[in-house]
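Try each task with the model in view, then read the solution step by step.

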Amino acid sequence: MDTFAALAHGMAVAVQPMNLLYALIGVFLGTAVGVLPGIGPALTVALLLPVTYKLDPGGSLIMFAGIYYGGMYGGSTTAILINTPGESASMATALEGNKMAKAGRGGPALATSAIGSFVAGTIATIGLAFLAPWLVDFAVRFGPEDYFALMCVAFVTVSATFGDSPVRGLTSLFVGLTLGLVGIDKLTGQARLAFGVPELLDGVEVTTLAVGLFAVGEALYVASRRHHTEEKLEPVRGSLWMTREDWKRSWKPWLRGTMFGFPIGALPAGGAEIPTFLSYSTEKRLTKYPEEFGKGAIEGVAGPEAANNASAAGTLVPLLTLGLPTSATAAMMLAGFQQYGLNPGPLLFAERPDLVWGLIASLFIANMMLLVLNLPLVGLWVRLLAIPQPWLYAGILVFATMGTIAAKPSVVELSMLAGFGVLGFLMRRFDFPIAPVVVGLILGPIAESQLRRALAISLGDPMTLLQSPISATLLGVALIALLAPFVLKGLGRFKANED
């Protein structure tokens with residue numbers, strides 16, 4: 001009953017006129033930018049972080065959540081129409097969606113994508129509302145050593161699951177952890193890695209790092225690949241509406257996709273890519289029309305899209321209850337919380353229930369807005385694809401620079417933005433994941449302070465990390481997660497040599 005009361009209170013916050021406007025702006029911007037090839041929700045949130053610096057925190061976070069949901073949906077439009085996913089979670093949708101578009105059934109593909117996103121998002125948000133308080137009750141019992149162990153799990157799982165190589169992921173994490181050391185040590189008051197630059201004494205701004213790596217780095221990378229072949233846009237032909245047969249073939253994949261997306265998205269090593277491909281392979285196995293797979297089967301669009309949006313709500317479970325980001329966009333939202341001096345976790349539910357429950361309730365409203373906006377505005381999203389890439393990325397660079405200047409006007413800050421942009425370009429060029437850098441910068445100082453607190457309480461005894469059952473279990477999980485990719489890779493090589 002407490003959850004229903006909290007949700008009702010959150011709904012009262014979410015339906016305030018300004019918060020409704022923030023949700024509408026977020027959903028619209030998220031979909032518009034998600035439609036553009038190569039620009040996902042993480043980049044959109046990163047761009048808007050400096051712009052919202054002086055806005056109301058509740059409204060800004062509601063807008064970011066709308067951007068997240070909108071971006072997850074928007075990526076499916078390009079996946080279907082030009083076989084270019086707006087973000088990685090839409091890759092599975094492209095497999096069958098683009099084949100449907102080429103066969104003249106782009107309308108039903110977009111419709112099942114929109115309705116499936118709505119169904120999955122609504123069910124998953126209900127799951128978030130009921131699972132979050134239970135997790136909070138569990139997390140309240142954590143001591144400093146347990147929190148440090150939890151951060152270790154986050155570091156290892158994020159590094160191991162982003163990108164193809166665990167070593168590259170860990171290298172990216174090390175860069176982020178090093179940047180987290182810059183500034184004044186809160187325990188001793190000594191300057192660390194500031195090199196005599198006064199602007200660095202406050203540490204590296206998360207917004208500057210995020211905008212540099214995501215926005216500037218992406219713009220430089222796209223410019224470097226300018227002369228690569230472009231995908232042909234498939235026009236939406238025929239009716240946009242689904243037939244009775246389409247509905248019959250879609251509703252079960254929507255539910256199955258939700259069952260994959262929400263729990264996997266809520267795991268510390270979750271994300272949206274795994275459940276979307278699991279959903280696709282499941283639908284391929286269960287379909288009554290196996291001959292259509294590879295030629296445009298509607299189940300292959302309905303299931304992955306439902307899994308995609310359900311995982312977005314799932315990702316918010318560890319973010320809000322434990323302060324752990326499990327995706328690049330969640331890391332950006334964590335930066336948004338910290339921008340207002342808020343630390344997601346169990347205490348946030350006690351200290352700012354209006355903000356947390358208002359955010360959760362706004363997800364229901366964002367879902368409804370997505371459905372109402374996206375079906376009639378397909379034509380507008382298609383026209384957005386015609387924007388020349390040089391104009392698009394030049395605009396992103398101007399927006400990123402202006403936002404950084406507005407948040408913190410400083411030559412040093414702009415120089416750091418340019419430096420992080422070059423770093424982001426090089427990381428993309430050599431296939432290093434970017435999200436672990438942001439996670440390292442945000443969670444590194446928190447992990448350090450928790451470790452030092454645990455050691456201070458135990459008078460410097462490092463064995464205190466293993467004396468707590470929760471801490472020992474989490475460190476064991478982190479160790480297994482760290483070693484597993486290397487063991488599996490070694491077994492793969494051994495098997496290949498035997499063959």
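**Exercise 1. Describe how α9 and α13 pack, and list the residues in their contact.**

Solution. Keep in mind that this is a predicted model.

Step 1: Two packed helices are described by the angle between their axes and the distance between the axes. For α9 and α13, the axes cross at roughly 150 degrees and come within 10 Å.

Step 2: Angles over 145 degrees count as roughly antiparallel, so α9 is roughly antiparallel to α13.

Step 3: The crossing of α9 past α13 is left-handed.

Step 4: Now look at the residues. On the α9 side you will find Val206, Thr207, Ala210 and Phe214, and on the α13 side Ala328, Met332, Ala335 and Gln339. Sorted by class, the contact of α9 with α13 has six nonpolar residues, two polar ones and no charged ones.

**Exercise 2. Is Thr315 buried or exposed, and what does it touch?**

Solution. 

Step 1: Find Thr315 in helix α12.

Step 2: Buried means under 20% relative accessible area. Thr315 has 1% relative accessibility, so it counts as buried.

Step 3: Set aside neighbours within four places in sequence. Thr315 is then in contact with Tyr68, Gly265, Ala266, Thr326, Ser327 and Ala330.

**Exercise 3. Which residues of the largest nonpolar core touch the most other members?**

Solution. 

Step 1: The largest nonpolar core has 127 residues, and Phe214 and Leu443 touch the most other members. Helix α15 (residues 353-374) gives the most to this core, with 14 residues.

Step 2: Not counting residues up to four places away in sequence, Leu443 touches Met151, Ala154, Phe155, Gly323, Leu324, Pro325 and Leu334.

Step 3: Another core, of nine residues, lies apart from the largest one; its members include Ile82, Leu110, Ile298 and Val301.

**Exercise 4. Leu193 and Leu459 have positive phi values; where does each lie, and is each buried, partly exposed or exposed?**

Solution. 

Step 1: Most residues other than glycine have a negative phi. Leu193 has a positive phi near 50 degrees, and the phi of Leu459 is about 55 degrees.

Step 2: Place each one. Leu193 is in the loop between β2 (191-192) and α9 (206-224), while Leu459 is in the loop between α19 (435-457) and α20 (464-467).

Step 3: Check accessibility. Leu193, at 39%, counts as partly exposed, and Leu459, at 79%, counts as exposed.

**Exercise 5. How far is the C-alpha atom of Tyr393 from that of Ala215?**

Solution. 

Step 1: Tyr393 is in helix α17 (residues 389-407) and is buried, with a relative accessible area of 5%.

Step 2: Along the chain, Tyr393 and Ala215 are 178 residues apart, and their C-alpha atoms are separated by 8.6 Å.

How values were computed
Residues are numbered from 1 along each chain as its sequence is written. This is a predicted model: local features need pLDDT of at least 70, side-chain atom pairs count only at pLDDT 80 or more; totals for chains, interfaces and linings use all residues. Side-chain values use heavy atoms; hydrogens and water are left out. Helices (H or I, at least four residues) and strands (E, at least two) are DSSP runs, numbered from the N terminus. Buried means under 20% relative accessible area, exposed over 50%, partly exposed in between (1.4 Å probe, protein chains only). Contact means heavy atoms within 4.5 Å. A nonpolar core is a set of buried Ala, Val, Leu, Ile, Met, Phe, Trp, Tyr and Cys residues joined through side-chain atoms within 4.5 Å. Axes are lines fitted to C-alpha atoms, for helices over the stretch in contact, and angles run from 0 to 180 degrees between N-to-C directions. Angles under 35 degrees count as roughly parallel, over 145 as roughly antiparallel, 65 to 115 as roughly perpendicular and the rest as oblique. A crossing is left-handed if the near helix is turned anticlockwise from the far one by less than a right angle, and right-handed if clockwise. Ala, Val, Leu, Ile, Met, Phe, Trp, Tyr, Cys and Pro count as nonpolar, Asp, Glu, Lys and Arg as charged, and the others, Gly among them, as polar.
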